[in-house]
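Student: I have a model open on my screen and I'd like to learn how to read it. Can you walk me through it?

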Amino acid sequence: MSGSLTLAKRAAVAGRVVLAIGGGYGIAALATILLSLTLPLPRAEAVTAATLASFAVMVGVVVVAFAARSLGRAAAILGGLALALALALRLATGSFPFGFGS
């Protein structure tokens with residue numbers, strides 16, 4: 001059978017699924033926190049707008065996870081994005097998210 005997937009290909013797809021779900025959740029959470037703190041709106045409206053935007057962020061992360069040429073490249077892109085969001089949050093609040101760092 002020439003159409004069957006090898007174990008390596010199946011593992012790569014499974015890795016992308018895990019990266020899309022876990023990375024998407026983490027990046028969407030970081031983006032939601034950052035946007036809710038920095039949007040120039042009343043607090044309730046900023047949180048609502050940031051939460052709505054997080055759905056688009058999650059979809060974007062899933063697209064990136066599956067569009068990258070390799071699993072390593074997808075992980076590097078999403079890791080860099082998460083790091084950039086965490087550093088921006090550090091600048092905005094003076095502390096790292098979720099109690100990381102000092």
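Tutor: Let's go from the overall fold down to single residues. Keep in mind that this is a predicted model.

Student: What share of the contacts joins residues 24 or more positions apart?

Tutor: For that, set aside pairs that sit close in sequence. Among contacts in the protein chain with a separation of 6 or more, 66% are between residues 24 or more positions apart.

Student: And how much of the chain is buried?

Tutor: Of its 102 residues, 25% count as buried. The accessible surface comes to about 6,600 Å², and carbon and sulfur atoms make up 73% of that.

Student: Where do I look for the largest nonpolar core, and which residues have the most contacts inside it?

Tutor: Look for buried nonpolar residues whose side chains link up. The largest such core here has 13 residues, and Ile27, Leu78 and Leu85 have the most contacts inside it. Helices H1 (7–38), H2 (43–67) and H3 (71–93) each put in at least two residues, with H1 giving the most, six.

Student: Say I click on Leu78. What does Leu78 touch?

Tutor: Skip the residues up to four places away in sequence, and Leu78 touches Leu19, Ile27, Val61, Val64 and Ala65. Leu78 is also one of the buried residues of H3, along with Ala74, Leu85, Ala86 and Leu89. The buried residues of H3 pack against H1 and H2.

Student: What follows H3?

Tutor: That would be Gly94, and its phi is positive, near 90 degrees.

Student: One more: is Ser36 buried or exposed?

Tutor: Compare its relative accessible area with the cut-off: under 20% means buried. Ser36 comes out at 18%, so Ser36 is buried. You'll find Ser36 in helix H1. Leaving out residues up to four places away in sequence, Ser36 touches Ala46, Val47 and Ala50.

Definitions and conventions:
Residues numbered from 1 in each chain as written. Predicted model: local features only at pLDDT ≥ 70, side-chain atom pairs only at ≥ 80, totals over all residues. Heavy atoms only, no water. Core = buried A, V, L, I, M, F, W, Y, C linked by side-chain atoms within 4.5 Å. Buried < 20%, exposed > 50% of the residue type's maximum accessible area, 1.4 Å probe, protein only. Helix = DSSP H or I, 4+ residues; strand = E, 2+ residues; numbered from the N terminus. Contact = heavy atoms within 4.5 Å. Areas by Shrake-Rupley, 256 points an atom, 1.4 Å probe, with all protein chains shown as cover.
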